[in-house]
Structure formats: C-alpha cells, structure tokens
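This briefing covers side-chain contacts in a single model, grouped by topic. Please consult the sequence and structure shown here alongside the points that follow.

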Amino acid sequence: MTTETTEAVAPHEAVRALEGRWTVRGMEETYTEVCELFPGGHHLVCYATSLKGEIVGRHMSIITWSAEEGCYLYFGVGSSGSVRTHRGSVAGGVWEFHGTATIEGAKAAVRVTMTPFEEGFRFLEEYSTDGATWIVDADFDYIRLEGEV
C-alpha cells in the first residue's frame, strides 16, 4: 500500500492500493492473503488462508466501488460461515467501512479503519452495541510480502 492519496484516481481505481500479497505481522507463518484485480479492473478480489493448529481457515472478500450508492462496498465470506457486508469510503489513503453484525447475541455497529504506513496498513475493527462506546475487536498490521509492489 502506498501512502499517496487515492483521491486523484477514478473511484474504482483506488482499490489498486490494496492489491498484492499480504501477511499479518506476527502471523507470517500462518496467514497469507492475495488480493487481485478482477478482469476489467473494477473489483478487488482477495483470498486469505489462515492456519490454527491443524485447522485451515479460508476467507474471500471483494471490495468494489458502487457508482449507484456513491461508496465502496465490501463483501466477505469465511469458511466458518461468516458473512459480512460493509459500506465505506477512502480519504487521504485511509479506508473506513461501516456495517452491522451480531456480537454475543446483540446487534452491533461495526467500523473498520485501514490506515497506510510504509510497509502496509494498520487494520482496526471496532464494534458498538450502544452507538457511543467503541470496543476494539481486531487491531493488527498487514505487511506486504517481499517483492510485491
């Protein structure tokens, strides 16, 4: 991911900043994610694989620009049965997505912020069940694998 602004390009081209092969700092041996532009260049499709002992987890996500809705859409599915849909924006290279999820039986607002730095980007996922207090659910750094641009 570059730290240059993504506003100078057409909205659907901003997803190129997330293209490449990634891992998570501290999980280099157990997590990989490959994000590629779908033919036509309008959608980014990512495939992730994680290992927890002998259990292999898989996740697929799509990030795309919706001219109709005027925002980015994130669709994600996981081998555990998880399904996520978020809507978001990018400003100054920082991506922010919003959606909902059921957490511990309660409906919650979800906020995901991806902030670039030289080697990759910080991924911060938070949720709120009361609309005021945000609780960190995930906070880690995606690191671009060597040789990737």
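Is Arg-84 buried, partly exposed or exposed? Arg-84 is partly exposed, with a relative accessible area of 24%, where buried means under 20% relative accessible area, exposed over 50% and partly exposed in between (1.4 Å probe, protein chains only). The model is predicted: local features need pLDDT of at least 70, side-chain atom pairs count only at pLDDT 80 or more, and totals for chains, interfaces and linings use all residues. Residues are numbered from 1 along each chain as its sequence is written, and side-chain values use heavy atoms, with hydrogens and water left out.

**Salt bridges**

- A search of the whole structure gives six salt bridges, each defined as a side-chain nitrogen of Lys or Arg within 4 Å of a carboxyl oxygen of Asp or Glu.
- Arg-84 is joined to Glu-125 by a salt bridge with an N to O distance of 3.0 Å. This pair links distant parts of the chain, with Glu-125 in strand E9 and Arg-84 in strand E6 (residues 83–91), 41 residues apart; strands (E, at least two residues) and helices (H or I, at least four) are DSSP runs numbered from the N terminus.
- Glu-125 counts as buried, at 12% relative accessibility.
- Glu-126 and Arg-111 also meet in a salt bridge, at 3.0 Å from N to O. Glu-126 belongs to strand E9 and Arg-111 to strand E8 (residues 106–117), 15 residues apart, and both residues are buried.
- Between Asp-141 and Arg-25 there is a salt bridge whose closest N and O atoms are 3.3 Å apart. Asp-141 lies in strand E10 and Arg-25 in the loop between E1 and E2, so this contact ties together parts that are 116 residues apart in sequence.
- Asp-141 is partly exposed at 23% relative accessibility, and Arg-25 is partly exposed at 41%.
- Arg-25, Glu-119 and Asp-141 are linked in a network of salt bridges.

**Aromatic contacts**

- The whole structure holds eleven aromatic pairs, counted where ring centres of Phe, Tyr and Trp (its six-membered ring) lie within 6.5 Å; planes under 30 degrees apart are stacked, over 60 edge-to-face and the rest tilted.
- Trp-22 and Tyr-142 are edge-to-face, at 6.4 Å centre to centre and 90° between the planes. Trp-22 lies in strand E1 (residues 20–24) and Tyr-142 in strand E10 (residues 135–144), so the pair ties together parts that are 120 residues apart in sequence.
- Trp-22 is buried at 2% relative accessible area, as is Tyr-142 at 10%.
- The rings of Phe-121 and Tyr-142 have centres 4.8 Å apart and planes at 20°, so this pair is stacked. Phe-121, in strand E9 (residues 120–128), is 21 residues from Tyr-142.
- One aromatic cluster is formed by Trp-22, Tyr-31, Phe-121, Phe-123, Phe-140 and Tyr-142.
- Arg-111 lies over the face of Trp-134, 4.0 Å from the ring centre; the criterion is NZ of Lys or CZ of Arg within 6 Å of the ring centre and within 35 degrees of the ring normal.

**Cysteines**

- There is one disulfide, the term denoting a pair of cysteine sulfur atoms within 2.5 Å.
- Cys-35 and Cys-46 form this link, with sulfur atoms 2.2 Å apart. Cys-35 lies in strand E2 (residues 31–37) and Cys-46 in strand E3 (residues 43–52), so the bond ties together parts that are eleven residues apart in sequence.
- Both Cys-35 and Cys-46 are buried.
- Cys-71 is in no disulfide, and the nearest cysteine sulfur, that of Cys-46, is 17 Å away.
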